[in-house]
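Biologist: I would like to learn how to read a structure step by step, with the general idea before each case. Could we look at the model together?

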Amino acid sequence: MDQFKILVFHTIFSENAFCLSKRLGIDVLNDFSPQEGLTYLIFGAHDQAINLYNIQRQIKNIKYIIINTEPPQSNHLRNKYFLSIMKENIVWDYHDLSREYLESLDIRVYSKYFPEFVYTPSDSPRVIDILFVGSKNDRRVGVEKKLRERYPDKRIEFHMDWKHADQSEMRKLLQSAKVVLNIPYYDSNILETHRIHFAMACGCEVVSMFSGHGPADSFYGPYVNFCHDLFEYFDSEDMLPQHMTEQKRKYPDLIATLMPLIKHNKWLLEQLIKN
């Protein structure tokens, strides 16, 4: 696997890159000095799209495997340089809806990628009843306001300022929470699997709105507490994990389910070496 290297262009993917490195036996580079003949597996390529585009025109025989985690509505998928490097290279994508959208743009998706984290449940007190971490929009602000009004005696924290981009700080925060909310940013309700996996890896219960995508909701059903309305859910379940009606499977079970995909992606890289 020496001809492959892993690049990370955003800190939120640093742990995902570490886990992928261990699974595939590929080094994660701290500094990017492009070398002819190498293939780079790239997290956060959308942040460096124009640079990656230019590099492939300046250096011969350099290839990318773009790990796309952007949903169809993302402005990054309007970036002509990002779209160009995906059309010209191998793409792994995180969701069927995203894959279908990319393929409608004549971008071939070779495989699926699920973000993996180190499993670190904690026995420390979980002092936060409900936690949300993510970018701010009207829907999320509205959910926070209503939850605080309904449950004034509960500790509810919404972090929508990106101050927890550092993954070690984010882990400490998650390990102090009982329930983590998945509130989709876009109206399509596409599941934000990065948030879900990180919360599960830290031993949190995850409560999410149904995404409306049957296969995704079915796959995550054993692991995530789905509802059509967050407020109705907490009213009926008293919002504490011990009152949840169904015991959900834990993060190691999720990773075990994903192992065939992990092995498949390793096989794909081996085929690239042979070719």
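Modeller: Let us begin with burial: a residue is called buried when its relative accessible area is under 20%, exposed when that area is over 50%, and partly exposed in between, using a 1.4 Å probe and protein chains only. By this rule Ile55, with a relative accessible area of 13%, is buried. Please keep in mind that this is a predicted model, in which local features need pLDDT of at least 70 and side-chain atom pairs count only at pLDDT 80 or more, while totals for chains, interfaces and linings use all residues. Residues are numbered from 1 along each chain as its sequence is written, and side-chain values use heavy atoms, with hydrogens and water left out.

Biologist: Where is Ile55 found, and which residues is Ile55 in contact with, leaving aside its neighbours within four places in sequence?

Modeller: Helices (H or I, at least four residues) and strands (E, at least two) are DSSP runs, numbered from the N terminus, and Ile55 belongs to helix 2, which covers residues 49-58. Contact means heavy atoms within 4.5 Å; once neighbours within four places in sequence are set aside, Ile55 is in contact with Phe32, Pro34, Ile62 and Tyr64. The C-alpha atoms of Ile55 and Gln35 are separated by 9.9 Å, although these residues lie 20 apart along the chain.

Biologist: How should I read the pairing of strands, and which strands pair with strand 4?

Modeller: Two strands pair if DSSP finds at least two bridges between them. Strand 4 pairs in the parallel sense with strand 3 (residues 63-68) over four bridges, and Ile67 stands opposite Trp92 there. Strand 4 is also joined by three bridges to strand 5 (residues 109-112), again running parallel, with Val91 opposite Val109.

Biologist: What do strand 3, helix 3 and strand 4 make?

Modeller: A crossover is right-handed if, with the strands pointing away from the viewer, the path from the first strand over the helix to the second runs clockwise. Strand 3, helix 3 (residues 80-88) and strand 4 make a right-handed β-α-β unit, and strand 4, helix 4 (residues 96-104) and strand 5 make a right-handed β-α-β unit as well.

Biologist: How many salt bridges does the structure hold?

Modeller: Side chains of opposite charge can pair when their charged atoms come close. A salt bridge is a side-chain nitrogen of Lys or Arg within 4 Å of a carboxyl oxygen of Asp or Glu, and the structure holds 16 salt bridges. One of them joins the side chains of Glu116 and Arg23 at 2.6 Å, N to O. Glu116 lies in the loop between strand 5 and strand 6 (128-133) and Arg23 in helix 1 (residues 14-24), so this pair ties together parts that are 93 residues apart in sequence. Glu116 counts as buried at 11% relative accessibility, whereas Arg23, at 31%, counts as partly exposed.

Biologist: Which residues are linked with Asp96 in a network of salt bridges?

Modeller: The network links Asp96, Arg99, Glu100, Glu103 and Lys112. Within this group, the side chains of Lys112 and Asp96 meet at 2.9 Å, N to O. Lys112 lies in strand 5 and Asp96 in helix 4, so the pair ties together parts that are 16 residues apart in sequence.
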